[in-house]
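Grab a pencil and keep the 3D view open while you work through these exercises. Try each task yourself before reading the solution.

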Amino acid sequence: MYYAVTLATLITMGLALVRAIMGPSVYDRVLAVNMFGTKTVLLLSVIALLYGRPDFFDLALAYALINFIGVLAVLEFFRSRARRRELEQQQAKQ
Amino acid sequence: MKILGLYYYWVFAILLMTGFYAVIAKPNLIKKMIGLALFQSAVFLLYITMGHIVGGTAPIFSSVTGDTLYSNPLPQVLILTAIVVGISTTALGLGIIVRIKEEYGSIEEDEIQEIDKQ
Amino acid sequence: MTVIFGVFLLTLLVITALAIVRTENLFVAVMLMGIASLLIAANFFILDAADVALTEAAVGAGISTVLFLGALALTNAQERSTTSRKLLSTIVVVAATLVLIFATFDKPEFGDPNSPVQTHVSPWYLEKTPEYIDIPNVVTAVLGSYRGYDTLGEVFVVFTAGIGVLFLLGANPGVGAGQQAREINSGLRHHLIPRVVGRLLIPFIILFGLYVQFHGEYGPGGGFQAGAIIAAGIILYALLEGEKRALEVMPQKFLLGMMAAGGLIYGGVGVVCMVLGGNFLDYSVLSSNPVKGQQMGIILIEAGVGIAVTGTLLSIFHAFAARER
Amino acid sequence: MAMFLDVLSWILLTLGGISVLIGGLGALRMPDLYTRMHAASVTDSLGAILVLTGAMLQAGLTLATIKLAAILLFLLLTSPTSSYALASAALIAGTKPLSEREQPEGGKQ
């Protein structure tokens, strides 16, 4: 039964990868990366159970925390880029 | 099983050479760094693949699993430190690229060489 | 069966790698690198390398993405498409790939317990660790004790790379570093929801980092992973509250001190061992009971590694962020 | 009792797997960013709840269960937050939802 869940997660990872490669917008890709991250968390939890090593849930925990930082870094990147362009346009006008 | 095992090594070869292609064929310096990071990852994958033992488990003694077969800890140690060293050197490379951009106004290899010729 | 999962993940990895090289938008390439890192880490986990997977998780998905985005913000995110050496490069790469694939047929079979990799020092490590060091995680034992010199070298490499980045980017923090830079670097302060959730999470991330640091003898973890996780937690703070606030919490001087202190703790433990009559980094002499001494030494040097890695990664992050104007 | 928990956890795991898969299909097949985000994030949260609860029932009452609960808690906090942040960033950058931008074929409002 773990195999079924793992398989579903793996297929979903594949679908997310297709979305990440196809795009079309950058936001679609960020969405795909975020989705990929949560799927990896699930995959690692299930495989840790499958291996009979429940002490390895630490890894999934690390992923759940770190994935968030990646997404926020991307958004901060967009925000600061937009802000910089705005300021540059203001300076050009003056 | 034989083919499945070989597949791991083939992926290593393809990944390594994909990274290498980005390094030699792309004029963009950040793309070269990304290629280098891929190259590194391929090497990491090779080490960990070689350290794996079929039917083994991670080399952390556990009361749950009892006395069993453990995979090789040595490649894991080497790669564990190599990942952190890898990110530090990647950061150094990116730092150099940022300085090049500030001095030359470009991160394309051929444009930088044009400017140097003048 | 899990090997088949691994094969599937590897196929996805190859597709991702090809897409990374093909795309001309560097931002997309960085996003795909994040995915590649997740795939590689899942593979490490399937191949029994829990410690390595944890490191890759903290470094590849978190810090690497942040650093690449920092560099992209300072350069341009679009690659100019010139393909002068495309044909020659393709020929070279395809030829080399074929040679490498040809070479794989001579390799020992995958997972063979009798291959040369498995039969030299590693059985000794696995057999003797309960006797000499008596901690469950053999990876930590090898990292800290048997190959302590190696790890010391790695810490110095990390330190040197950090100093290099500071030399390149640290001095002369930009011409326009004034009101404008501060406004750009103000972080996601106006986004209330991420800010509240992030503030809630940061203590847990740092707590988890400390858990990974001090649980490294018993489970997957250790100084390298913990350093990366704690650095990621503070980077999250910088993203949410802005550069300036993060630098107030941990000023650059403090981070430099951490970088140096980490290496010094590590080296210092080695020197103390020599003073007490042992060899450099031979922890057995640290306590009257050699096994206890080994454990003490490993905890100390892991702390040094953690401090050095946290300091270095944060210094590098701040160096990139301060450059933005 | 143990049998009942076992069956319950298998049911939860299976349902979780199905919802994860549906989320993946939705993220691939939906017509624009916001609908994709909807499919991905809603089934993501549901899938995570189901799979991790099922795993918790399997792991029994140990430290592992607490870790799984922590994973679930963090996922439930971070996943909607990143979805929110992503949607707001996309909206500010000018990506309009589909109904405002154009009608899909048929021209219905």
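**Exercise 1. In what order do the elements of chain D run from the N terminus on?**

Step 1: Start at the N terminus of chain D and you get α-α-α-α. Here helices (H or I, at least four residues) and strands (E, at least two) are DSSP runs, numbered from the N terminus.
Step 2: Tally them up, and chain D has four helices and zero strands.

Before going on, know that this is a predicted model, where local features need pLDDT of at least 70, side-chain atom pairs count only at pLDDT 80 or more, and totals for chains, interfaces and linings use all residues. Residues are numbered from 1 along each chain as its sequence is written, chains are lettered from A and ligands numbered from 1 in the order in which they are written, and side-chain values use heavy atoms, with hydrogens and water left out.

**Exercise 2. Which pair of chains shares the most contacts, and how much area is buried between them?**

Step 1: Five pairs of chains are in contact (heavy atoms within 4.5 Å). Chains B and C share the most contacts among these pairs.
Step 2: Look at who takes part: 98 residues of chain C meet 80 residues of chain B.
Step 3: Now the buried area, meaning the accessible area (1.4 Å probe) that two parts lose on being put together, summed over both. Between chain C and chain B it is about 8,200 Å², and carbon and sulfur atoms give 76% of that. Val21(C), Asp48(C) and Phe110(C) supply 9% of the area that chain C buries against chain B, more than any other three residues.
Step 4: Check for salt bridges (a side-chain nitrogen of Lys or Arg within 4 Å of a carboxyl oxygen of Asp or Glu). Between chain C and chain B the count is zero.

**Exercise 3. Is Thr16(C) buried or exposed, and what is it in contact with?**

Step 1: Find Thr16(C) in helix 1 of chain C.
Step 2: Apply the cut-offs: buried is under 20% relative accessible area, exposed is over 50%, and partly exposed is in between (1.4 Å probe, protein chains only). Thr16(C) has 0%, so it counts as buried.
Step 3: Leave aside neighbours within four places in sequence, and the contacts of Thr16(C) include Leu17(A), Leu32(C) and Leu39(C).
Step 4: Compare with Ala19(C), which is also in helix 1 (residues 2-22) of chain C. Ala19(C) is buried because its relative accessibility is 14%. Not counting residues up to four places away, Ala19(C) touches Ile21(A) and Leu32(C).

**Exercise 4. Where do Lys39(A) and Asp44(D) lie, and what do their side chains form?**

Step 1: Recall that side chains of opposite charge can pair when their charged atoms come close.
Step 2: The side chains of Lys39(A) and Asp44(D) form a salt bridge at 2.2 Å, N to O. This pair crosses between chains, with Lys39(A) in helix 2 (residues 26-50) of chain A and Asp44(D) in helix 2 (residues 33-59) of chain D.
Step 3: Both Lys39(A) and Asp44(D) are buried.

**Exercise 5. How many residues apart are Glu241(C) and Arg199(C)?**

Step 1: Glu241(C) and Arg199(C) join in a salt bridge at 3.3 Å, N to O. They are 42 residues apart, with Glu241(C) in helix 11 (residues 223-241) and Arg199(C) in helix 10 (residues 192-214) of chain C.
Step 2: Glu241(C) is buried because its relative accessibility is 0%, whereas Arg199(C), at 44%, is partly exposed.
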